[in-house]
Amino acid sequence: MAIARPLGMEFDHSWPESAECLTLDFGPFETAHRWRRMPECDEFVGARRSKHTVIAYKDAVFVFGGDNGKHMLNDLLRFDVKDNSWGRAFTTGVPPAPRYHHSAVIHENSMFVFGGYTGDIHSNSNLTNKNDLFEYKFTSGQWVEWKFEGKRPVPRSAHGAAVYDGKLWIFAGYDGNARLNDMWTISLLGDSKVWEEVPQSGDCPPTCCNFPVAVARDSMFVFSGQSGAKITNSLFQFHFKER
């Protein structure tokens with residue numbers, strides 16, 4: 001008979017001499033971090049693209065908009081992570097105009113798409129930045145454009161966007177003439193659709209665009225980006241509760 005003795009437990013000399021004692025030392029489990037190539041999206045489902053957005057909702061990854069090198073896009077693609085299959089997401093209503101360098105975030109059961117650059121890049125006409133906000137409802141597949149009251153952010157692209165405390169937060173970007181470093185927020189809860197410009201203090205980031213943001217521990221982190229003629233490697237932290 002073999003008896004496993006817990007690690008660190010003293011040997012009990014009252015055990016019968018016929019008993020065998022095994023000490024099992026479980027070392028730390030090793031985790032293998034590995035990339036895996038997934039099925040490509042067929043051209044008949046969605047064009048190759050860049051400058052798009054990607055978000056995850058439940059068991060799927062959603063890709064919206066972008067640029068295929070000839071024109072801007074506004075299709076919504078869906079990758080099922082269980083079946084490893086691509087398809088076009090079901091949509092109703094009027095979608096956002098084709099665009100790139102927009103932002104997309106998730107809140108509850110909706111995706112929110114803000115701003116971006118629109119127009120005909122092939123003929124170089126009607127090119128403009130946007131400050132519109134669209135909601136895509138995953139439960140119904142419906143696109144809804146939000147209508148605002150009062151002031152709103154200037155049209156922009158290549159900005160940062162995050163969700164915190166039931167609000168959408170927009171930071172910096174490019175308005176077509178200059179880089180920005182202003183911040184705006186709007187509640188995604190209830191019927192009030194009013195933008196609020198956020199007062200900022202402390203060591204604010206310089207005017208910048210083309211940067212990522214992330215939210216952790218009641219803060220938004222802004223890393224790197226293009227500021228003037230320089231590309232930076234700076235990291236800034238914005239405390240949502242301590243402005």
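The charged end of Lys 193 sits over the ring of Trp 146, 4.5 Å from its centre. A charge is placed over a ring if NZ of Lys or CZ of Arg is within 6 Å of the ring centre and within 35 degrees of the ring normal. The charged end of Lys 51 likewise sits over the ring of Tyr 100, at 5.0 Å from the centre.

The model is predicted, with local features requiring pLDDT of at least 70 and side-chain atom pairs pLDDT 80 or more, while totals for chains, interfaces and linings use all residues. Residues are numbered from 1 along each chain as its sequence is written, and side-chain values use heavy atoms, with hydrogens and water left out.

**Aromatic pairs**

The structure holds 16 aromatic pairs. Rings of Phe, Tyr and Trp (its six-membered ring) pair if their centres lie within 6.5 Å; planes under 30 degrees apart count as stacked, over 60 as edge-to-face and the rest as tilted. Two of the tilted pairs are tabulated here.

| Pair | Centre distance | Plane angle |
|---|---|---|
| Phe 79 and Trp 86 | 5.0 Å | 50° |
| Tyr 100 and Tyr 117 | 5.7 Å | 55° |

Tyr 100 lies in the loop between S6 and strand S7 (103–107) and Tyr 117 in strand S8, so this pair ties together parts that are 17 residues apart in sequence. Strands are DSSP runs (E, at least two residues) numbered from the N terminus. Relative accessible area is classed as buried under 20%, exposed over 50% and partly exposed in between (1.4 Å probe, protein chains only). Phe 79 is buried at 8%, whereas Trp 86 is partly exposed at 29%. In the other pair, Tyr 100 is buried at 11% and Tyr 117 is partly exposed at 23%.

One aromatic cluster is formed by Tyr 57, Phe 62, Phe 64, Phe 134, Tyr 136, Phe 138 and Trp 143. The largest nonpolar core has 14 residues, of which Phe 62, Leu 76, Met 111, Tyr 136, Phe 138 and Trp 143 touch the most other members. Elements giving two or more residues to this core are S3, S4, strand S8 (110–120) and S9; the largest share, 3 residues, comes from S4. Such a core is a set of buried Ala, Val, Leu, Ile, Met, Phe, Trp, Tyr and Cys residues joined through side-chain atoms within 4.5 Å.

Beyond its neighbours within four places in sequence, Tyr 136 has contacts that include Leu 76, Met 111, Gly 141 and Trp 143. Contact here means heavy atoms within 4.5 Å.

**Strand pairing**

An open sheet of 4 strands has the order S3-S4-S5-S6 with antiparallel pairing. Strand S3 (53–57) and strand S6 (85–88) stand at the edges, each with a single partner strand, so one side of each lacks a neighbour in the sheet. Two strands pair if DSSP finds at least two bridges between them. Strand S4 (residues 60–67) and strand S5 (residues 72–80) are joined in the antiparallel sense by 7 bridges, and Val 63 stands opposite Leu 77 in S5.

Strand S9 (residues 125–137) runs antiparallel to strand S10 (residues 142–145), with 4 bridges joining them. Glu 135 stands opposite Val 144 in S10. S9 and S10 form a hairpin with 4 residues between them, and Gly 141 in the turn has a positive phi of about 75°.

**Met 183**

Met 183 belongs to strand S13 (residues 179–187) and is buried at 1% relative accessibility. Met 183 and Phe 171 are 12 residues apart in sequence and 4.5 Å apart in space, C-alpha to C-alpha.
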